[in-house]
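Trainee: I've got a new model to look at and I'd like a walk through it. Can we bring it up?

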Amino acid sequence: MNVIEVKGLGKKYRIGKADKQADTLTGALINGLRSPWQNLRNIRNLSRLDRDEDSVAWALRDVSFEVKEGEVLGIIGHNGAGKSTLLKILSRITEPSEGEVRIHGRVAALLEVGTGFHPELTGRENIYMNGTILGMRKKEIDRKLDEIVDFSGVEKYLDTPVKFYSSGMRVRLGFSVAAHLEPEILIIDEVLAVGDAEFQRKCMGKMEFVSHQGRTVLFVSHNLEAIKNLCGKTLLLNNGQVTAIGHSKMVVGDYLAQYSRQGFATSEWAEADAPGNEVVKLKSVRVEFSGDALSIRTPFDIIFEFWNYQNEMSSNISLHLLTMSGETVFNVFSCLDPLPRLRKGLCIGRCSIPGNFLNAGVYSLKFFIVKNKSEAVFSLTDALRIEIFDDRTDIQWYGKIPGFIRPNFEFTLSNANATEAE
Amino acid sequence: MNKSSSLVIRASRGWRGIDWKELIHYRDLLWFLTVRGIKAKYAQSVLGVAWAVIQPLFSTLVFTVVFGTLARIDSNGVPYFLFSLVALVPWTFFANTLTDSANSLVSNANMITKVYFPRLVLPLSSILSKGVDFLISFALVIVFLIVYRMLPSWHVVWLPWLLVVLLMTSLGIGMILSAMAVQYRDVKHAMVFAVQLIMYAAPVVYPTTNVPEGWRSVYALNPMVGVIEGFRSIFLHTLPFPYGWVAQGTLVATALFVFGLFYFRKMERVFADVA
């Protein structure tokens with residue numbers, strides 16, 4: 001029996017309003033004085049989607065799928081694929097522009113933990129606040145209050161204003177309220193990304209419990225491990241459209257493969273418009289690895305090809321790998337001793353990165369082609385983005401393991417004395 | 001499984017009525033939002049709820065000096081202090097309600113974009129929490145009436161009616177402004193001084209009898225005219241009870257209220273997209 005039926009769902013948004021807003025007071029004043037009429041038109045258009053079609057973007061288009069009672073459906077996709085929009089429509093926060101959704105059963109949507117919390121109110125008051133926002137009645141909360149408090153582990157601070165809570169405590173309290181909703185259909189957006197290990201374990205346990213009770217769960221996450229382990233079925237969104245739906249392992253595999261192809265598309269140039277100068281011109285930068293996806297276990301090669309226009313150039317490549325927040329993970333050089341003397345023509349550099357080395361995440365590549373060990377003849381920042389996926393067998397913990405690197409050191413633990421083990 | 005809770009989500013068009021059943025289901029939310037509004041407002045303040053008394057009291061004192069003593073504005077034969085206090089109590093409620101409900105959606109944008117609930121509870125709760133201030137300042141009026149040894153006339157039976165008109169006006173305009181403010185933040189800027197200016201369009205510092213005779217029926221299209229003059233008539237015996245003005249005000253207030261409701265419901269569907 002289908003509890004959710006989505007037919008031809010579409011949602012359009014107006015884009016391009018942001019450029020009109022200045023971020024300085026003076027800028028805003030100038031804009032405001034210059035074009036109140038323009039502003040009026042723009043703002044009116046925000047809610048009128050029938051005109052001026054070229055500044056309208058479809059966040060979702062022609063989405064159809066069904067969810068059966070008791071099914072746990074994972075929803076995955078890149079940022080901007082339409083996952084959040086889909087959830088917002090299913091949870092009635094926003095209306096679709098076309099198509100329809102039929103839902104049979106009481107829905108609770110968790111797009112955020114602790115919505116409506118007010119810092120000046122006490123933990124207890126905020127439980128009632130948050131619970132009623134999520135659609136619970138006061139009686140219901142009265143009945144479950146002890147359980148909620150117990151689950152959150154903040155009983156000592158229950159009558160303290162929430163502004164004095166740590167952010168972890170706030171999250172725990174918020175999740176506890178949500179965990180005690182009793183909907184027939186539960187919609188969850190990535191709330192597992194928060195909280196400490198102990199609390200995450202509790203949350204996962206609760207989610208498994210909910211799904212075993214035969215309730216329907218829709219779960220959006222970037223965490224493919226969690227999706228594979230929790231969801232029987234997964235929906236893959238790409239550019240607002242459903243590109244795959246089916247068995248989670250297969251859809252996640254599709255997604256990784258698709259991502260690998262897209263994400264690691266070789267940066268390649270024709271000689272005429274290649275970046276470079278009279279000394280060198282870059283032909284390509286790419287990543288090579290075997291298998292479907294680049295996971296933390298996969299060894300991979302970074303390969304540079306460039307045209308060298310100088311004969312007998314003593315050169316090397318200096319490569320920096322940076323995190324997206326800009327810290328350098330490492331800086332390595334191609335062979336310095338002896339320094340290769342390159343002839344005119346196409347040259348190739350290959351840097352091999354072992355598996356079980358980098359942590360999961362997105363990295364940016366920056367490199368220099370250096371002449372005579374000191375003279376940078378060419379450099380390129382953000383030459384390539386490399387995304388490394390997580391791969392774990394231990395499913396107790398779904399958070400990101402901290403650190404730039406994820407080595408797989410030999411690490412044993414046992415009783416020091418063999419007889420004590422008995 | 002409960003088949004009764006089936007739901008169809010699709011694009012809605014045109015004007016929509018109110019989903020009373022849903023609103024009733026969320027009455028506890030309305031209650032907690034109201035409590036939150038009151039508690040949050042007076043949290044960490046020394047005088048706390050006393051501020052509800054201070055605001056109309058000090059305005060009254062200033063008006064008594066400026067308009068009563070210096071400008072010598074007619075106060076229909078009662079002490080100017082009482083004359084303006086009795087007007088300021090409903091007026092302060094009205095003015096605060098406008099500012100507060102106008103901001104109610106914008107300041108709760110994070111809730112609107114994360115959870116579904118009937119959006120109407122937001123302006124409703126801001127009006128209810130102002131209702132507490134109103135009751136407190138109304139108690140102040142009663143204290144002063146006792147001090148001045150004044151008994152209300154039998155027209156006090158109309159007081160609930162005046163309160164209904166006051167509520168419908170506040171809620172009606174509040175809903176329109178809150179819905180507009182989501183899309184046009186100009187409302188917020190305008191409200192800051194508009195509430196001060198529109199006070200002069202109501203008989204707060206002067207009596208309606210100062211308005212030229214021929215213009216009074218136009219003037220009384222402002223529902224606050226009937227409310228304020230009604231309050232004065234009941235508690236201060238300034239004029240005979242102004243049935244005509246109250247009737248006019250009731251009509252306008254009803255129109256504002258009904259239009260506000262429908263306008264709010266019409267705009268509701270885009271709140272999450274433009275907030």
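Mentor: Let's start with one residue, A:Glu147, which is partly exposed because its relative accessibility is 48%. Keep in mind that this is a predicted model.

Trainee: Where is the place of A:Glu147 in chain A?

Mentor: A:Glu147 sits in helix H5 of chain A, which covers residues 138-152. It also belongs to a negative surface patch, together with A:Asp146, A:Asp150 and A:Glu155.

Trainee: What does A:Asp142 form a salt bridge with?

Mentor: The partner of A:Asp142 is A:Lys138, with the closest N and O atoms 3.3 Å apart. The two are four residues apart in helix H5 of chain A, so about one helical turn separates them.

Trainee: Why does the spacing along a helix matter?

Mentor: An α-helix has 3.6 residues a turn, so residues three or four places apart point the same way.

Trainee: And is A:Asp142 buried or exposed, or partly exposed?

Mentor: Partly exposed, because its relative accessibility is 36%. A:Lys138 is partly exposed too, at 31%.

Trainee: What about A:Ser152 in that helix, buried or exposed?

Mentor: A:Ser152 lies in helix H5 of chain A, and it counts as buried because its relative accessible area is 1%. A:Ser152 and A:Ala179 are 27 residues apart in sequence, and their C-alpha atoms are 9.9 Å apart in space.

Trainee: How many of the eight residues of H3(A) are buried?

Mentor: Six of the eight, so H3(A) is mostly covered. The buried ones are A:Lys83, A:Thr85, A:Leu86, A:Leu87, A:Ile89 and A:Leu90.

Trainee: Let's zoom out. What domains does the assignment give for chain A?

Mentor: Domain 1 takes in 2-21 + 57-259, and domain 2 takes in 269-388. Their C-alpha centres lie 41 Å apart.

Trainee: Which residue forms a salt bridge with A:Arg341?

Mentor: That's A:Glu312, and the closest N and O atoms are 3.2 Å apart. A:Arg341 lies in strand E15 (residues 341-342) of chain A, and A:Glu312 lies in the loop between strand E12 (300-308) and strand E13 (313-323), so the pair ties together parts that are 29 residues apart in sequence.

Trainee: Are those two buried or exposed?

Mentor: A:Arg341 counts as exposed because its relative accessibility is 52%. A:Glu312 is partly exposed, with a relative accessible area of 43%. There's also a network to look at: salt bridges that share partners join A:Arg286, A:Glu288, A:Asp301, A:Glu305 and A:Arg350.

Trainee: You mentioned strand E13. What about A:Ser315, buried or exposed?

Mentor: A:Ser315 has its place in strand E13 of chain A, and it counts as buried because its relative accessibility is 4%. A:Ser315 and A:Leu158 are 157 residues apart in sequence, and 66 Å apart in space from C-alpha to C-alpha.

Trainee: Over to chain B. Which residues make the nonpolar surface patch of about 630 Å²?

Mentor: B:Trp154, B:Val156, B:Val157, B:Trp158, B:Trp161 and B:Tyr243 make that patch. B:Trp161 lies in helix H7 (residues 159-183) of chain B, and it is partly exposed because its relative accessibility is 39%.

Trainee: And B:His155, where is it found?

Mentor: B:His155 is in the loop between helix H6 (121-147) and H7 of chain B. It counts as buried because its relative accessibility is 13%.

Trainee: How many residues along the chain lie B:His155 and B:Ser6 apart?

Mentor: They are 149 residues apart along the chain, and their C-alpha atoms are separated by 50 Å.

Methods. Residues numbered from 1 in each chain as written. Chains lettered and ligands numbered in written order. Predicted model: local features only at pLDDT ≥ 70, side-chain atom pairs only at ≥ 80, totals over all residues. Heavy atoms only, no water. Domains from an automatic or database assignment. Patch = residues over 30% accessible without salt bridge, like charges linked within 9 Å, V, L, I, M, F, W, Y side chains within 5 Å. Areas by Shrake-Rupley, 256 points an atom, 1.4 Å probe, with all protein chains shown as cover. Salt bridge = Lys/Arg side-chain N within 4 Å of Asp/Glu carboxyl O. Lys, Arg positive; Asp, Glu negative; His and termini not counted. Charge placed at Lys NZ, Arg CZ, Asp CG, Glu CD. Buried < 20%, exposed > 50% of the residue type's maximum accessible area, 1.4 Å probe, protein only.
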